[in-house]
Amino acid sequence: VARVVPLARELREAGPLVVMAAAVLVAAIAWATLLTYLCPSDSWDGVWYHDLMVGYAIQQHGYAPIELPSLGIAPLFQQANGYPRNSEMLSLFFAIYTGRTWLELPSVIAAIPLALTTYLFVLRVSPSSRVAALVWAAAIVVLPGVRLQMRSTYVDNAFAAFNLAAFYFASDPKLCRRRAVVAALCFGLALGTKGMALLSVPPLALLAVLVLVVRGGRRELGKTLGAIALAGLLVVAVGGVSYLMSYLRYDNPFWPVTVKVGGLNFPGAVSTGTVMVSEKGDVIANLFAVPVPGRDYVDTRASGYGIATGVLLLPLAALGALTTLWRSGLALVAKARERRALTDEERGTLLLAAVGAIAAFTLWKSPALWGARYNLHGIAMLMVFAAAAGALTPKAELSRVGAAAAVLVANVLMWFWAEPGWGVKWGEAVARLRSTALEREAESPLFVK
């Protein structure tokens with residue numbers, strides 16, 4: 001209450017735009033929750049393997065291998081046997097107690113920690129305005145690539161929340177042994193949700209270890225190493241189950257994908273090229289694409305980034321990144337000249353530059369850079385660096401809030417521009433309130449009559 005009341009007062013004093021941001025955030029999550037209740041799971045990858053993981057775990061009372069055909073495109077179904085499944089197992093919890101009604105709810109729930117982490121990350125780099133942090137948090141939730149997944153069993157929202165939290169804790173200038181436990185939990189959750197975490201978690205974990213060792217010093221080295229060992233065990237326990245099962249069953253921890261690491265070769269059912277479908281040339285076109293009614297669904301490809309990402313967010317983030325690099329250089333020069341330790345602010349700037357480089361690496365190596373849903377953590381990091389650019393003029397509220405508000409408004413406009421934004425129009429949703437669960441399921445285009 002001590003924190004909520006001042007924030008509410010600040011929101012009221014900030015004007016109608018910020019109130020709108022809070023209202024949009026709540027409305028999007030509430031509407032997606034209602035549609036999750038009213039509509040069956042009918043997303044492409046959901047039926048392909050996400051829902052299959054859940055249903056078979058219920059039938060087998062565990063993670064027994066699923067017997068699948070091996071002809072034609074059927075090897076791709078092996079994703080249900082090998083892919084990480086932390087998000088699907090949260091769906092399993094709801095499916096056990098409610099059937100398929102709340103199967104997609106984890107994607108809605110994930111939008112909340114994604115918004116909170118964005119809020120805290122922005123607040124760290126621009127602590128003078130909680131209002132700007134709130135607007136950025138609302139903007140990430142109504143980004144088409146996030147919003148459209150809140151009525152699906154896709155795992156990208158959950159992965160974005162866990163992965164962004166991993167970036168947040170790895171760049172914490174005050175990282176200590178207690179906070180390292182939370183950081184390790186985020187690393188494990190990200191690893192256990194999507195294989196793309198293999199691009200980000202290892203370098204982030206190394207960065208966190210470096211921060212812990214440096215902050216602990218020689219006197220605390222023994223305790224620090226003990227904390228690192230326990231944190232490593234937590235990462236393996238939370239995030240390593242699927243990889244371990246795949247190695248024991250198929251001699252390939254990355255099953256079903258064929259992976260070559262140095263001299264090691266892990267053969268799988270599908271080639272790396274099958275899942276690495278990124279075409280860098282398509283990124284520019286998608287960044288500046290407008291939504292097309294009738295194509296704006298969960299597996300959005302043409303407009304998932306939102307028109308504001310290319311027009312506003314990228315230039316501002318580039319300015320913020322350059323500013324961060326400049327400040328990092330000044331901090332290192334001052335440290336060398338004055339022969340002193342880095343301040344928390346200077347350490348935070350250096351760590352922000354480091355995680356920015358890691359984020360850029362994950363985007364470059366993304367299996368589908370043209371698809372926003374694969375790279376949501378990167379978009380959130382762009383917002384963080386855009387906020388860092390706004391912090392250049394701490395006395396000018398417009399510079400801090402204006403960019404976030406522009407991105408938010410653009411994303412909201414895309415929401416209504418490309419109706420049906422969640423595959424269901426308002427009138428259809430109201431009509432479904434009068435139907436039974438079986439009747440609503442039968443209305444799905446995937447229902448076999």
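## Pockets and salt bridges

In this predicted model, the largest pocket holds about 1,200 Å³ of space. Its lining is made up of 43 residues, and those that lie nearest the centre of the pocket are Tyr83, Val257, Val275, Met276 and Pro367. Two or more lining residues come from each of helix H3, helix H4 (79-82), helix H11 (197-216), strand S1 (259-261) and helix H14 (272-275), and H3 contributes the largest share, with six residues. By class, the lining of this largest pocket divides into 26 nonpolar, eight polar and nine charged residues.

The second largest pocket contains about 740 Å³ of space and is lined by 32 residues, with Arg124, Val125, Ser126, Glu345 and Gly348 lying nearest its centre. The elements that give two or more residues to this second lining are helix H6 (105-125), helix H9, helix H16 (307-338) and helix H17. The lining of the second largest pocket has 14 nonpolar, nine polar and nine charged residues.

| Salt bridge | N to O distance |
|---|---|
| Asp45 and Arg373 | 3.4 Å |
| Arg373 and Asp156 | 2.6 Å |
| Glu338 and Arg340 | 2.5 Å |

The side chains of Asp45 and Arg373 meet in a salt bridge. Asp45 lies in helix H3 (residues 44-60) and Arg373 in the loop between helix H17 (344-364) and helix H18 (376-390), so this pair ties together parts that are 328 residues apart in sequence. With a relative accessibility of 12%, Asp45 counts as buried because the cut-off for that class is under 20%, and Arg373, whose relative accessible area is 5%, is buried as well.

Arg373 also forms a salt bridge with Asp156. This pair likewise links distant parts of the chain, since Arg373 is in the loop between H17 and H18 while Asp156 is in helix H9 (residues 156-170), the two being 217 residues apart. Both Arg373 and Asp156 are buried.

Glu338 forms a salt bridge with Arg340, their closest N and O atoms being 2.5 Å apart. Arg340 has a relative accessible area of 25% and is partly exposed.

Key: Residues are numbered from 1 along each chain as its sequence is written. This is a predicted model: local features need pLDDT of at least 70, side-chain atom pairs count only at pLDDT 80 or more; totals for chains, interfaces and linings use all residues. Side-chain values use heavy atoms; hydrogens and water are left out. A salt bridge is a side-chain nitrogen of Lys or Arg within 4 Å of a carboxyl oxygen of Asp or Glu. Helices (H or I, at least four residues) and strands (E, at least two) are DSSP runs, numbered from the N terminus. Buried means under 20% relative accessible area, exposed over 50%, partly exposed in between (1.4 Å probe, protein chains only). On a 1 Å grid over the protein atoms alone, a cavity is a set of points where a 1.4 Å probe fits but cannot get out, and a pocket is an open set with protein on both sides within 12 Å along at least five of seven lines; lining residues have an atom within 4 Å of a point. Grid points are joined across faces, edges and corners, and a volume is the space filled by probe spheres set on the points. Ala, Val, Leu, Ile, Met, Phe, Trp, Tyr, Cys and Pro count as nonpolar, Asp, Glu, Lys and Arg as charged, and the others, Gly among them, as polar.
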